[in-house]
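Biologist: I would like to learn how to read a few features of a model. Please give me the general idea, then the case at hand.

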Amino acid sequence: MPSVVTVNTTPFEGQKPGTSGLRKKVKVFLQENYTENFIQSILDANKDSIVGSTLVVGGDGRYLVKEVVDKIIKISAGNGVGKLLVGQNGILSTPAVSCIIRKYNTLGGIVLTASHNPGGINNDFGIKFNCSNGGPAPDHTTNEIHALTTTIKEYKTVPDLKCPVDKTGIFNFTVDSKPFVVEVIDPVQDYVSYMKEIFDFPKIKSLIQGTEQRKPFNVLIDSMSGVTGPYVQAIFIDELGASVNNVRRVTPLEDFGGAHPDPNLTYAADLVAAVKGGDYDLGAAFDGDGDRNMIIGRGALFVTPSDSLAVLAAHAALVPYFQRNGVKGFARSMPTAAAVDRVAKELGMEIFEVPTGWKYFCNLMDAGRLSLCGEESFGTGSDHVREKDGLWAALAWLSVIAVTGKSVEEILKEHWAKYGRNYFTRYDYEECASDPCNEMMTALEQRMTAPGFVGSSHTSGSKTYVVKVADNFSYMDPIDRSVAMKQGLRIIFEDGSRIVLRLSGTGSSGATVRLYIDSYEAKDVLGDAQVMLRPLIDVALQLSQLQNYTGRDAPTVIT
Ligand code: VG1
Ligand code: CO
């Protein structure tokens with residue numbers, strides 16, 4: 001009979017979860033006891049309810065997922081967990097983990113992913129804990145996990161417990177006379193049947209297959225060699241009748257084929273080129289763990305995530321899930337352009353502005369005040385789960401198209417004509433040196449908060465902007481009244497235009513600077529965002545001295 005072994009260990013520095021879990025280079029996780037320490041600390045943070053509990057375990061298929069699943073099985077057994085629901089081969093998308101936690105009322109789940117960061121031995125890995133509501137652990141829980149990692153002395157494991165995860169089935173073990181169960185589950189089944197409840201699949205199917213009156217709506221769906229491949233095959237090919245020519249990169253690869261599994265115009269450039277050059281009506285791509293999405297229309301017309309959220313909010317009533325459950329409110333992260341705010345106003349709906357990171361939406365959803373929300377970083381979702389959900393977003397767009405009979409372009413242009421347009425762009429400067437970036441943020445904050453800054457004028461070309469508000473964003477959760485401070489520097493001008501600057505909390509080394517710019521136009525809605533926003537970008541670069549501090553004269557990624 002396998003039995004529990006207690007292993008002595010010492011703390012590692014820096015096991016502090018960021019915007020979405022602990023993300024480091026694979027080689028960091030490969031250090032002896034590094035991964036074990038963090039898993040033990042997750043279980044210790046739940047120590048009052050861990051014995052006999054059920055947890056969900058799965059990841060995005062990247063390098064190290066299988067090895068870490070095996071460690072989690074052994075350490076869970078060592079800590080008295082009753083049952084694990086493990087995705088076959090360790091595969092579960094992030095939204096699927098959230099769906100399964102909620103469906104089976106588990107204590108939570110452990111998600112193995114570094115999301116949109118590259119994979120492989122020389123790249124990134126990540127571990128995230130989700131709570132019983134299916135959502136990413138809130139700050140007080142991740143702070144507790146981090147505190148535990150700084151004092152850890154031992155972990156408990158069952159080294160002799162061998163559990164294959166390459167086939168579905170129920171595996172019963174007895175560990176020191178107590179039962180321990182591993183159920184290896186089909187990664188897609190629960191999620192796919194949930195999507196069939198949320199959306200009208202027959203309607204989307206007839207859109208994709210066409211009818212006697214209408215030619216098929218030709219989609220190109222790109223899984224970027226991430227975890228959504230099997231979900232895309234099950235949904236688009238098996239359920240919705242698309243052909244293999246409608247999907248690409250649907251086999252999950254440990255290194256994502258060497259690519260950056262991030263669905264944006266830079267890293268999904270080949271999807272953009274394929275849609276531009278081909279006869280496609282809609283293109284969609286998802287990130288490594290399946291929570292992000294990019295939507296483009298015919299000719300590769302780009303839908304900014306901020307607009308995507310607003311369009312879906314305006315059409316939410318067309319989705320069967322919302323018809324049954326009602327639409328209760330909208331939200332966006334602070335850097336996300338305020339397009340959805342205008343829809344909320346029109347519909348008389350509550351709207352919330354939260355810090356960056358999906359965890360900040362979840363309390364509002366649990367309290368029944370939020371149905372639909374999004375982030376400018378290609379995250380869109382609803383209260384059907386407690387993660388953003390890439391495939392959900394693509395299906396939501398297809399639903400709107402199926403019901404209205406309009407193209408992506410018509411939908412977007414009609415939206416702008418009605419509500420006006422929030423031009424938006426984000427500049428990312430990836431993997432800069434940390435110290436100068438921190439200095440830049442400190443210097444800018446000092447300048448912004450010095451007397452006289454509010455009211456000051458800033459000119460670029462023919463445009464002059466007058467500062468109305470300048471602060472480091474802080475947020476009080478309306479439900480539990482917890483406060484998140486220092487969530488990004490923002491300068492809001494008299495005309496409503498905004499400059500936001502923050503440092504990424506998902507990188508695994510160095511610093512990534514994100515500069516967000518947005519500006520509203522009521523009438524002039526058909527311009528090019530980069531041209532329209534140029535004066536404001538110049539003001540932001542002048543004010544922040546970003547090029548001096550980072551030594552970069554151009555961003556790594558422009559969205
Ligand atoms: C980024 C995005 C944020 C998103 C987070 C996790 O965080 O800006 O909006 O919630 O990634 O997304 P940061 O701190 O790097 O800006 V994912 O797809 O990595 O789970
Ligand atoms: Co992701």
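Modeller: Start with burial. Buried means under 20% relative accessible area, exposed over 50%, and partly exposed in between, with a 1.4 Å probe and protein chains only. Trp392 has 2% relative accessibility, so Trp392 counts as buried. Phe199 is buried as well, at 2%. This is a predicted model: local features need pLDDT of at least 70, side-chain atom pairs count only at pLDDT 80 or more, and totals for chains, interfaces and linings use all residues. Residues are numbered from 1 along each chain as its sequence is written, chains are lettered from A and ligands numbered from 1 in the order written, and side-chain values use heavy atoms, without hydrogens and water.

Biologist: How do I read a pair of aromatic rings?

Modeller: Take the distance of the centres and the angle of the planes. Rings of Phe, Tyr and Trp (its six-membered ring) pair if their centres lie within 6.5 Å; planes under 30 degrees apart are stacked, over 60 edge-to-face, the rest tilted. The whole structure has 11 aromatic pairs. In one of them, Phe12 and Tyr34 sit edge-to-face, 5.0 Å centre to centre, with 65° between the planes. Phe12 lies in the loop between β1 (5-8) and β2 (22-25), and Tyr34 in helix α2 (residues 34-45), 22 residues apart. Helices (H or I, at least four residues) and strands (E, at least two) are DSSP runs, numbered from the N terminus.

Biologist: Are Phe12 and Tyr34 buried or exposed?

Modeller: Phe12 is buried, at 19%. Tyr34 is buried at 2%. Ring pairs also link Phe12, Phe29, Tyr34 and Phe125 into a cluster.

Biologist: Which residues coordinate the cobalt ion (ligand 2)?

Modeller: Donors are N, O and S atoms within 2.8 Å of the metal (3.2 Å for Na, K and Ca); water is not among the atoms, so sites may look incomplete. Here they come from Ser115 (OG), Asp287 (OD), Asp289 (OD) and Asp291 (OD), at 1.9 to 2.1 Å. Ser115 and Asp289 are 174 residues apart. Ser115 is buried at 2%, and Asp289 at 1%.

Biologist: What is the strand order of the open sheet of seven strands?

Modeller: Strands of a sheet pair through backbone hydrogen bonds, either parallel or antiparallel. Two strands pair if DSSP finds at least two bridges between them. The order is β20-β21-β24-β25-β26-β19-β27, with antiparallel pairing. The edge strands are β20 (457-460) and β27 (557-558), each pairing on one side only. Strands β19 (residues 421-432) and β26 (residues 511-521) pair over 10 bridges. Thr425 has Ile517 in β26 as its bridge partner.
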